[in-house]
Amino acid sequence: MVLVLEMLICATAELRMPLLPMLVSMLLAVFLPVVGMEPALGAKPTPDHHLNIEQPSPSQPPGSNCSQLTLKLEFSSNVVEHEYIVAFTGYFSAKARSLYISSALRNMGQGALEWHIVPRENPAADFPSDFELVHIRRVSPVSLLTLEDHPYIKRVTPQRKVFRSLKYFPSPEPSAPCNASRWNQKSWQSSRPFRRSSLSLGSGFWHATGRHSSRRLLRAIPRHVALILQADVLWQMGHTGSGVKVAVFDTGLSEKHPHFKNVKERTNWTNEKTLDDGLGHGTFVAGVIASMRECQGFAPDSELHIFRVFTNNQVSYTSWFLDAFNYAILKKIDVLNLSIGGPDFMDHPFVDKVWELTANRVIMVSAIGNDGPLYGTLNNPADQMDVIGVGGIDFEDNIARFSSRGMTTWELPGGYGRVKPDIVTYGSGVRGSGMKEGCRSLSGTSVASPVVAGAVTLLASTVLNRELVNPASMKQALIASARRLPGVNMFEQGHGKLDLIRAYQILNSYRPQASLSPSYIDLTECPYMWPYCSQPIYYGGMPTIVNVTILNGMGVTGKIVDKPIWQPYLPQNGDHIDVAFSFSPVLWPWAGYLAVSISVAKKAASWEGIAQGHVMVTVSSPAENDSEVGGELTSTVKLPIKVKIVPTPPRSKRVLWDQYHNLRYPPGYFPRDNLRMKNDPLDWNGDHIHTNFRDMYQHLRSMGYFVEVLGAPMTCFDASQYGTLLMVDSEEEYFPEEITKLRRDIDNGLSLIIFSDWYNTSVMRKVKFYDENTRQWWMPDTGGANVPALNDLISVWGMAFSDGLYEGDFTLADHDMYYASGCSIARFPEDGIVIAKNLKDQGLEVLKQETAVVEGVPILGLYQTPSDGGGRIALYGDSNCIDDSHRQKDCFWLLDALLQYTSYSMTPPSLSHSHSRVTPPAGIEHPLPQRLEGNHLYRYSKVLEAHLGDPKPRPLPSCPHLSWAKPQPLNETAPSNLWKHQKLLSVDLDKVALPNVRPYRPQVRPLSPGESGAWDIPGGIMPGRYNQEVGQTIPVFAFLGAMVVLSFFVVQLTKAKSKPKRRKPRVKRPTYLQQQQQQQQQQQITGRNPTV
């Protein structure tokens, strides 16, 4: 479990605009309010922080105070030896909990059992609790099961230790002068190598989703994310977060930090005797939410509750979180930000406590993870239905490269993942509070999470009836108001970009109701509905499963009334599809699922076109006020469905992906397929065609193949429909019935392609984890693939993989290839085609740190089965070249060649006539690999079960059976646009008026040494606390006056140019003037005055 966070800390001199004429200066002040960056006053690490900071490189300009650093933040989680979390069915006093545990252990009859309750000294110790931390030595699995038999004990799970390490590295990007006119915030650097260069933010357009527009404002990056999202509009309405309790679970906060004025409580849940932040991460997060000056937060008047759950050595335990969560419930926290996460969605005490938190109306906001751009990398708890999961974007509305992508993998292999993240917002180059003072910039979804948490806190303070605000209604308002980013699918952006003002409008006209996420199913809408839109459906194909989340804003618990109703539109051929449902029996807390399975009716087997209909779902919840009619609230929602149907493709074009036999972390330790990736050791991305095999799937679709997913045993598909069964990186065992059926299917024409991986018991023992602090070993339960199980599957054809472990670069058919921790072919039929290459013995390197090159390693085999009309088999010893996780050189061309061979019986000449072709190995001299003795695969396997001695196969499960809904046809026209901005019922945005204010506040002056922290202004510097007319109205009137003057001159100039030229008429002098001239002449002659 590795999360990596990159941070760029750059101390720069603030850029100044050149002196321009007054009018131009006013215009630039309005349209380009910010140029460059302010000085980033990051926290200065001390030796206590255990941070290794590199000095500025010699290449920097003389006198430069700009240091570009990359912060690598790693999370890991291990089991603590001998410590167990005993969860109870309710909240009990410490004395009662001790009595229950004593009674349960006494009933075991094991007097030699040593145990004691681990004391927990924290603010929650004085209150009843629902768990206890127990240290038990010489415990057995039977003892734990006996302990769980106590009527008041719900579950016993191992204690987990979370370790987070911070490391600084010099940025690989060339450093720019501190007074440069560009701002380069380097993007995320993951542990996996990228094929493309990292992104940088060279321009910004702060609130538009038209990323592909022809004109954008460049190099104008607003500094404060709260102002970018127009929080000042709500501030000037008097909403500043007052009355809302927000909790920050992080590394703590200094007592006298100048950015915060309403820190209600600081609590320490660690084993260190301090409340201060020794790392700066918690201070930054709190600043984004509630800072009152410089780098301003969203809700400065909110009640800030600081929970210090990480030590300065970046260590935490599950029990610390559980106690802190209980205390948050006790304190009636409204909003909780959790900027950490990991892939372990099966840490049951943690997940259960998150459910309990949201059930108590705590709105939890959590980071979705920093493991992008790989799909299937969502982190827990952000991937839970009741939590607001936040992804990151940059200031140009591009999805941040580091932001984790969906889908969720809880539901695999039988189902399909849910849409996550829920929403995205700015998470790249965001400014927040420094550890002691000042501001600094950070990137990551741990930055985007407090942006949403601050927005949620501010929004909650705007609602007069706080009873309407709950985890479901807040998420409904956020996703209904989000602005969709163009060209981005739903597993990257969720429902879109956070729109604070629109969310305010929706929330303040909200009435309790149910809603759906996604709110419609359109399998024709690309790219948003990827991957559904990437492949049409057809008769005989595996049902398409769409996992819809039901949000219930009416109450913490609810249910679906009767069953969902399927209503096809007859004019739009809705009767050409069949629909089946499975759903949560109880919607708790605040949410549930609705799985919609879509298949094509038999009458449309050769038909092509669009089919539409909708599903009606009625949700009911107990009314909190018994005076309601019937004591129950109901809400009916409509789920539109639109699909594209094509005639059933030929068998040769249909490929079946075996998902059922892929295992991943959690719950067990399944190692990575590439042993070179030591900092990313777990295989946790789901091994699905829409997660870490996404690029392979896209390639196959571009080649015209139709790819379907098998989420059940191999006894559950009709092999006559498919040309090739594709098995990649399989870790699961096989039922005997599966082995028998596959042999029969291949004899009848089905072909098989297997991409294997390494398996070596000596290497497996070598790569086990050992944690010095917990003294706990983690032993892998398989290698990269379960080679012994694969050998059982293909042994009937005289084939087998070896336990050799090889790597190296080579050329095959004029293509550059890289073999990454693959195995070799040990046995193959003598009439088959085998390709061999010279590779390095990686197993020898791992075990003895020696290097050796092995010549003629068989890596690829092609075989035509001898039966009449039989299928073909292709074996390859490494899957890394088609896996997105750590792929260095893809081998999609090889997959194309193998599919040409298996589907069309066309042997590629580049392989059959290759100079690397060798005699197939007989494999008699070397024993085949055996299963690791003492492995615990049966704990996580769907095939094996525990048995005295060796594990035995379970009984073969029945194949999934779908009960198709009875249609209720409608003879009416379907709507043309399924996606509408207004996705909630009873919401009228026109009723919620907004003030006519400017979207940005004037620049806030930083504090100077010795200056008063409050600037002698009551209440700080927020709008409404000082003379806004002086700070805002004068520039506005000056600008308007300049515009009026400019407009006047432009109009006059336009009139002058447009007026036609006319010849001036000769004007006769008036008679009076002529008489005056004559009198003057007479006066000059006579010297007398004229008479009138």
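Mentor: A helix here is a DSSP run of H or I with at least four residues. The model is predicted. By that definition, α7 covers residues 318-330.

Trainee: What makes α7 count as a helix, and what follows it?

Mentor: Helix α7 has 13 residues, and a run needs at least four. So α7 passes on length. It is followed by Lys332, whose phi is positive, near 60°.

Trainee: Why is α7 called largely enclosed by the rest of the structure?

Mentor: Buried means under 20% relative accessible area. In α7, 12 of the 13 residues are buried, so the helix is largely enclosed. Among them are Trp320, Phe321, Asp323 and Tyr327.

Trainee: What makes Asp422 and Lys475 a salt bridge?

Mentor: Side chains of opposite charge can pair when their charged atoms come close. The cut-off is a Lys or Arg nitrogen within 4 Å of a carboxyl oxygen of Asp or Glu. Asp422 and Lys475 are at 3.4 Å, N to O. That is within 4 Å, so the pair counts.

Trainee: Which parts does this pair tie together?

Mentor: Asp422 lies in the loop between β11 and β12, and Lys475 in helix α10. So the pair joins parts that are 53 residues apart in sequence. Asp422 is buried, and so is Lys475.

Trainee: Asp499 and Arg483 form another salt bridge. Is each residue buried, partly exposed or exposed?

Mentor: Asp499 has a relative accessible area of 9%, so it is buried. Arg483 is at 26%.

Trainee: How many salt bridges does the structure hold?

Mentor: It holds 32.

Trainee: How do you know which residues of α9 and α12 meet?

Mentor: Contact means heavy atoms within 4.5 Å. By that rule, Ala455, Leu458 and Leu459 in α9 meet Leu500, Ala503, Tyr504 and Leu507 in α12. The contact has seven nonpolar, no polar and no charged residues.

Trainee: Is the crossing of α9 and α12 left-handed or right-handed?

Mentor: Right-handed. In such a crossing the near helix is turned clockwise from the far one by less than a right angle. The axes cross at roughly 35° and come within 10 Å.

Trainee: What does the whole protein contain?

Mentor: It has 21 helices and 39 strands. Buried residues make up 58% of its 1092 residues. Among contacts with a separation of 6 or more, 79% come from residues 24 or more positions apart.

How values were computed. Residues are numbered from 1 along each chain as its sequence is written. This is a predicted model: local features need pLDDT of at least 70, side-chain atom pairs count only at pLDDT 80 or more; totals for chains, interfaces and linings use all residues. Side-chain values use heavy atoms; hydrogens and water are left out. Axes are lines fitted to C-alpha atoms, for helices over the stretch in contact, and angles run from 0 to 180 degrees between N-to-C directions. Helices (H or I, at least four residues) and strands (E, at least two) are DSSP runs, numbered from the N terminus. Ala, Val, Leu, Ile, Met, Phe, Trp, Tyr, Cys and Pro count as nonpolar, Asp, Glu, Lys and Arg as charged, and the others, Gly among them, as polar. A salt bridge is a side-chain nitrogen of Lys or Arg within 4 Å of a carboxyl oxygen of Asp or Glu. Buried means under 20% relative accessible area, exposed over 50%, partly exposed in between (1.4 Å probe, protein chains only). The expected span of a helix is 1.5 Å times one less than its number of residues.
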